[in-house]
Amino acid sequence: MNKNLVRLVTGISCITLLCASLVGCSGAATGSAAGESSTAYDATDNSQQITVTFMEGDTELGTASANAGEVLSPDSYSSFEAKDGSEFLGWYEAPSFIEASKKDLTTDTFEEDTTLYASFSASEVTEDTRKWYLAGTSQTGPLKDNAWAGDIGQELIDSFELVPTGNAVNEFAITIDLYAGDQFQIIADWSWDTQKGYGLFTELDDTQFESGGSLGGSEEKANVDVLMDGNYTITLTTDPDNSSLDTVVVVRNGDVTNE
């Protein structure tokens, strides 16, 4: 064969092999990218499974699973809503049963693993053996000596106690003169572990009281600021088994007594 012809054939073969190699590499790269795209998380894909854990206090009642964005099957949790001698009140994301955290499982869905807490009301309320007190401060009134539940001696501490009224189970009350500028909360056993601030008061007249805010940013721990001088009765009703059912009502009886 003519030597020039051999060189031409050989050169064409090499070019053909090079092109095939490049096409193969390009195809492999495309395939890899496509593979990565197909396995990436798709936020619109509701097939991801989530788990909801149901609690009563510190006790786990059980779990239920569903696809993200789908309503749970009632069969998966309905048994957790039954408790002897109690009425089921609902499921909450917050263990303190803040109303804003209440979930309606017939319509609400979840996008990630979630813990829910059961709220029950017992038919027979447990006796509250704690002692409840006002804790606060004042420039001119009785709370001036309170010093935000400071070390003031038992005799003076007793003067700030909400005493049982005898009108209802676990109902406690105090009648006291309050002055504009006074601040207060309610605490149990002269300790701040169970403080009840502005957000936990059931009824407050906004012409007489306002929220004083708190370091934690929570209305539940916010001070109650007094706007109007007067003689007030503060009535607290408690359920030791479910503090979300506690109520605090403040009624203005009239002008300060100066007693």
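Salt bridges

Modeller: The side chains of Glu 56 and Lys 83 meet in a salt bridge, with N and O 2.5 Å apart. The term salt bridge stands for a side-chain nitrogen of Lys or Arg within 4 Å of a carboxyl oxygen of Asp or Glu. This is a predicted model, in which local features need pLDDT of at least 70 and side-chain atom pairs count only at pLDDT 80 or more, while totals for chains, interfaces and linings use all residues. Residues are numbered from 1 along each chain as its sequence is written, and side-chain values use heavy atoms, leaving out hydrogens and water.

The pair of Glu 56 and Lys 83 links distant parts of the chain, 27 residues apart. Glu 56 belongs to strand 1 (residues 49–56), and Lys 83 lies in the loop between strand 2 (59–67) and strand 3 (86–92). Strands here are DSSP runs of E, at least two residues long, numbered from the N terminus. Glu 56 is partly exposed, at a relative accessible area of 24%, and Lys 83 is partly exposed at 36%. On this scale buried means under 20% relative accessible area, exposed over 50%, and partly exposed in between (1.4 Å probe, protein chains only).

By the salt-bridge rule the count comes to four. Another of them joins Arg 130 to Asp 128, with the closest N and O atoms 2.9 Å apart. Arg 130 is partly exposed at 26%, whereas Asp 128 is buried at 6%. Arg 252 forms a salt bridge with Asp 255, at 3.1 Å between the closest N and O atoms. Here Arg 252 counts as partly exposed, at 27%, and Asp 255 as exposed, at 62%.

Definitions and conventions: Helices (H or I, at least four residues) and strands (E, at least two) are DSSP runs, numbered from the N terminus.
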